[in-house]
Structures are given as C-alpha cells and as structure tokens.
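Keep the viewer open as you read.

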Amino acid sequence: MTQTVAPVSQVAIAKQPGPNKGIGLALSGGGYRAMLFHLGAFIRLFELGLLKDIDRISSVSGASITSAKVALEWKRLKTRDDFFEHVVVPIRRLARWPIDIPCVAAGLLTPWTVSECIAGALRAFLFGNASIRQIPTRPQFIFDATNVETGTLWRITRDYMADWKVGRIESAYVRLAEAVAASAAFPPFLSPYVLGVRPADFKTVYRECKDRRLLSDIALTDGGVYDNLGLETIWKSYRNVLVSDASAALQSDPRPARNWLSHSGRVIGIAYGQAASLRKRQLIASYKAPDGDTNKRRGAYWGIGSDIKNYHFGDALEAQHERTEKLAKLGTQLRPFRFFSKELDERLINWGYAICDTAVRKHFGQRNNPTAKFPYPGGV
C-alpha cells in the first residue's frame, strides 16, 4: 500500500528553509545544437577543475544527451584526454547521423513509437543498455521531462523519479537512453515518451494525486516544454547557480507560414521562448539581488546568443559576434547541420568552450585557472 504524504514542495519547505551552499549547473535544450554547445562548456569546466565541485547537473532535451554521456563515463574521466576519448569523440560521432527523421519514419511504419526509436538510436550510439543506476551519486544528474498528464516537471535521477503532483518512485530500473529520450521528446513528432509504470511502483503518492490513472503509463514530453533552461531544480536548491543556455532568441517573421504544420512549429517556438525568457530574467535578478535577500544567488550565465564583448573580460578568447550569431540560429533538430559539416560542429564546441570560460572566470571565479585554448583550430 502506498503512503500519502505532503507534496515535495511542502516537504522541502518544512525541512530546508532555503537553498544550500552547493553548486548547481543547468543545461538548456536545443537539439544537436545544444548537445555540441554544452559539450564545449563541459570541456572548459573540466579543465578548470570546477566540474568535480558541482553538486547537481540538471538538463533538458538535447543537453541531456551530453549530460548523460558525462554521467556514464564519470569514473573514467581522470584527464583531458580521457574526456575527449570517452565523451567528446562518441558525441561527435552521433552528431554525424540523423536520428529524428528516420525515427519519425520508423514510428509511422513499424509497431514502435517514435520515442522508442529515439531511445534505440541512443542505445546504439552512446549508452548501450546502461541503467541509470550506473551513473554517480555525486554530482546528482537530473534529466528533466514534462509530464503531459499533469503539466508539471517529471524528474528522472539515479535514485528516484518524481512529479510533485503525482508521487515518487524510488530505485526504479530505467535505461539511461530511455531517460534521455523522455527528456528530448520534442513535440509534436518525437512526443510523447510513454513511461511504463504501475501504481505499485510508487513508494509515495502525494495528496495532489486525485486520480490513480496518473500512476500508470505516464506520457512524457520534452523537458523544455516546462523549463527550457533546466533551471528550476537548481535555482530552488543551490545558492551557486551556473547556467549554460543553448536556446536562441526567437527571430521575427513578417510572413509566418499558414499551413498547420509550420504554423504549429512557430507557435511552439514562441511558447518555448517566452517561458525561457521569464526564467532567464528571474535568474539575472537573483544574481543582482542584495546580500541577505532569500532570492540572492551567485553564479554565471552564458548563452549561445551572447556577445562575448559584453562581458568586458580582457582575457576572453576571440569570438566575433557576427559569427556566433549564425551558430545561435542553427536549427534544433537531431540531425547534422548543413550537409554533414564537421566545421560547424567544431565551431559550436569552440563557442560553448569560449563563452563558458569567459562567464565563469568573470563572474564566478575558480582557483584553478589553466590557460584557455580552443578545443579545435579555427575558433568560432
């Protein structure tokens, strides 16, 4: 029999009046663009020695691909060469292959759903049959999805899965590829990912759960639908907040398409952009809040659409805004950019590396400060 308790949010308030002193890293969505941009940021955080100090890493959508690979290989990451061998090279190999369109086709022509095909491709390229139980306990990796049934965040971690409107499942067996596929189930074509669970799987059912049908076969979609920065589980819990944002500002379109498919895509983009903008404003305001304010946070934000000159950091790597703007406008698909251009992949990685380096050293600081050098020749 399941136990009824107060929702997670109320329990947290009762036990912990405010965020703790740890460090959290939030990684936004954005398909392969996000996957590669965040990969560059991860490389620099590893070089700085900051990655090992982070307590929690929260990711959505394409960012979850990179974050999950880092998690799976965590114990093997002793040197920079290790990081390239076990994380960078496999992810770049995936970036050479399209998985969204073939999986959509397979979902239409086979008994499998599109999201199941995505999970299968991720197993083949990166994760094998690895269970989420194989990733480390620290840092805590959270793969965020959106519960379509409740409209709230569904968190998938090594030790539990939870939605504060439904309940909490502990020590569940979930393949890492399935967790990532749920986080990256971008609507409408890649969504939903149906998580096969039963009421008996829930150790705790919350008071908000009035309908027991919510405890079975949960329909999940892209975590970015709820929180495209992956920020909520970081900002609420930690005083030190780092955010890597691969989402780009929505571009004006004086002649928006009127066919239902393209028009739906435009509307989804507007919804994503507005939600992310609100969270970004909350984040920046928390950085600027006075000491003693309960909303005060310390940290650094870097975005794919940022202009590196605006950081006014004399030691920043060279990155012309005209070139980085073009990277920010690349699509968010799960397929290669522009006829399999490896140059674009390397520029995205270099850009994530450069802007992370500048933001962290300018606003957060780090006692270990090795010289920054682009991972690949050619810069951004």
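**A walk from the helices inward**

Helix 12 is mostly covered, with 17 of its 22 residues buried; buried here means under 20% relative accessible area, exposed over 50%, and partly exposed in between, using a 1.4 Å probe and protein chains only. Before going further, a word on the source: this is a predicted model, where local features need pLDDT of at least 70, side-chain atom pairs count only at pLDDT 80 or more, and totals for chains, interfaces and linings use all residues. Residues are numbered from 1 along each chain as its sequence is written, and side-chain values use heavy atoms, with hydrogens and water left out.

Back to helix 12, which runs over residues 342–363 and reaches 32 Å from its first C-alpha to its last, close to the 32 Å expected at 1.5 Å a residue (that expectation is 1.5 Å times one less than the number of residues). After the helix comes Gly-365, with a positive phi near 80 degrees.

Helix 3 (residues 62–72) is largely enclosed by the rest of the structure, because 11 of its 11 residues are buried. Lys-69 is among them, along with Ile-65 and Val-70.

Zooming out, the chain has 12 helices and 12 strands. These are DSSP runs numbered from the N terminus: helices are H or I with at least four residues, strands E with at least two. Of the chain's 380 residues, 55% count as buried. Take the contacts (heavy atoms within 4.5 Å) between residues at least 6 apart in sequence: 75% of them join residues at least 24 apart.

A search of the whole structure turns up one cavity of 30 Å³ or more. A cavity is a set of points on a 1 Å grid over the protein atoms alone where a 1.4 Å probe fits but cannot get out, and lining residues have an atom within 4 Å of a point. The largest cavity holds about 30 Å³. Helix 2 gives the most to its lining, with four residues, and strand 2 (20–27) supplies at least two. Ser-244 and Trp-302 are also among the lining residues.

Conventions
On a 1 Å grid over the protein atoms alone, a cavity is a set of points where a 1.4 Å probe fits but cannot get out, and a pocket is an open set with protein on both sides within 12 Å along at least five of seven lines; lining residues have an atom within 4 Å of a point. Grid points are joined across faces, edges and corners, and a volume is the space filled by probe spheres set on the points.
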